[in-house]
Amino acid sequence: MSNRTKVAIGGVLLGLILLYWIPLWLFFLIIIGIPVAGYLTLDSSQRRRLRRVSRRQIGR
């Protein structure tokens, strides 16, 4: 089993545990908040590169 698979399985298990222990609105806040916080920590050149790559993949 690759490391990515292990991380994905761990993430799913953690998500299920959080869904059971915390309120639903807080669960969705965490799910949305972590990627948004990661995006906001990028500097402007990294954001531009990320948008350019995303657009390129959409227009294949």
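User: Let's start with L13: how exposed is L13, and how do I read that?
Analyst: The general idea is that buried means under 20% relative accessible area, exposed over 50%, and partly exposed in between (1.4 Å probe, protein chains only). L13 counts as partly exposed, because its relative accessibility is 49%. Keep in mind that this is a predicted model, where local features need pLDDT of at least 70, side-chain atom pairs count only at pLDDT 80 or more, and totals for chains, interfaces and linings use all residues. Residues are numbered from 1 along each chain as its sequence is written, and side-chain values use heavy atoms, with hydrogens and water left out.

User: Where does L13 sit?
Analyst: Helices (H or I, at least four residues) and strands (E, at least two) are DSSP runs, numbered from the N terminus. L13 belongs to helix 1, residues 3–21.

User: How many helices and strands does the protein chain have?
Analyst: You'll find 3 helices and 0 strands in the protein chain, giving the pattern α-α-α along the sequence. The protein chain is more spread out than a compact globule, because its radius of gyration is 15 Å, well over the 10 Å that the globule rule gives for 60 residues. That radius is taken over C-alpha atoms, and the rule is 2.2 Å times the number of residues to the power 0.38.

User: What share of the 60 residues is buried?
Analyst: Buried residues make up 5% of the 60 in the protein chain.

User: And where is R49?
Analyst: R49 lies in helix 3, residues 44–58. With a relative accessible area of 49%, R49 is partly exposed.
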